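Thanks for making time this morning. I would like to walk you through one structure, beginning with a helix and ending in a loop.

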Amino acid sequence: MELKASPAALDPARLPGPVWVVAPHPDDEALGCGALLAALSNLGTEVWALLLTDGGFSHPDSREYPRERLAATRLDEWRTGLATLGVPPERTRALGFPDGALAGVPAPAVTQAVQRAFTASPPALVLLPWRRDPHPDHRAAWAPVCAATDAAVLGYSVWLTERGAEPDWPAAAEATALTFATGPYAACKAAAIAAHATQLGAITDDPGGFTLAPEMVARAVAGPELYFRPADPRPA
Ligand SMILES: [Zn+2]
């Protein structure tokens with residue numbers, strides 16, 4: 001599906017900081033909002049990143065990368081990628097919930113852990129995968145993260161544009177769509193994505209493991225990035 005109306009352009013200079021980008025998995029923030037994060041850093045906006053899961057389920061049959069090693073490697077990749085976007089390791093937090101099973105974690109436990117992380121520098125704006133971005137962990141993140149803060153929320157697309165079905169997109173009254181051209185930040189975004197070697201074919205002993213398709217990466221780098229400002233991020 002394509003957007004029916006052409007969305008307005010997002011102006012990063014008008015976004016309030018501190019900004020926290022919430023990633024269910026390491027690489028979501030790079031794929032979904034790498035260019036915006038680079039632009040915010042360039043403007044001097046304080047950007048923080050919060051990782052919800054351990055990312056350790058992408059290659060369940062790899063013997064070379066058992067879960068613990070994979071999770072540790074992906075955390076390093078995440079921090080390396082974020083550093084290229086201007087987010088230093090000391091402004092990152094990782095919660096270590098189980099990759100692929102976030103929906104099984106009681107929502108209050110997620111909310112409390114997110115609240116604790118946010119105390120490091122309470123957000124004025126939270127970037128979070130759109131509430132129906134088509135991955136179970138992405139969908140499971142929205143409500144408990146929104147419940148953790150009164151900050152403004154912008155949903156970003158990771159998989160929506162790739163494989164979203166019609167009902168996954170926001171209804172007309174549900175959210176305002178905004179775009180951000182990757183423009184001068186495309187190279188930075190490409191470097192941040194490239195940091196995720198385990199997701200780009202570096203693990204060779206699990207043919208069923210996850211690999212980001214080069215075409216998908218190319219589309220993410222080309223942009224534009226797509227954001228949704230929800231009319232009400234916290235419906236009763
Ligand atoms: Zn993800």
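Which elements do the buried residues of α3 pack against? They pack against β2 (19-23), β3 (47-53), β4 (92-97), β5 (125-129) and α4 (136-146), where contact means heavy atoms within 4.5 Å, and helices (H or I, at least four residues) and strands (E, at least two) are DSSP runs numbered from the N terminus.

Before going on, please keep in mind that this is a predicted model, in which local features need pLDDT of at least 70 and side-chain atom pairs count only at pLDDT 80 or more, while totals for chains, interfaces and linings use all residues. Residues are numbered from 1 along each chain as its sequence is written, and side-chain values use heavy atoms, with hydrogens and water left out.

The buried residues in α3 are V110, T111, A113, V114, A117 and F118, buried meaning under 20% relative accessible area, exposed over 50%, and partly exposed in between (1.4 Å probe, protein chains only). Because these residues cover an arc of only 165° around the axis, they lie on the same side of α3, the arc being that of the directions from the helix axis to the C-beta atoms. On the other side of α3, P108 and R116 are exposed.

Let me turn to the loop between α6 (186-194) and α7 (214-222), where Q199 is found. Q199 counts as buried because its relative accessibility is 1%. Among the residues that Q199 touches, leaving aside those up to four places away in sequence, are D27, H59, R74 and F210.
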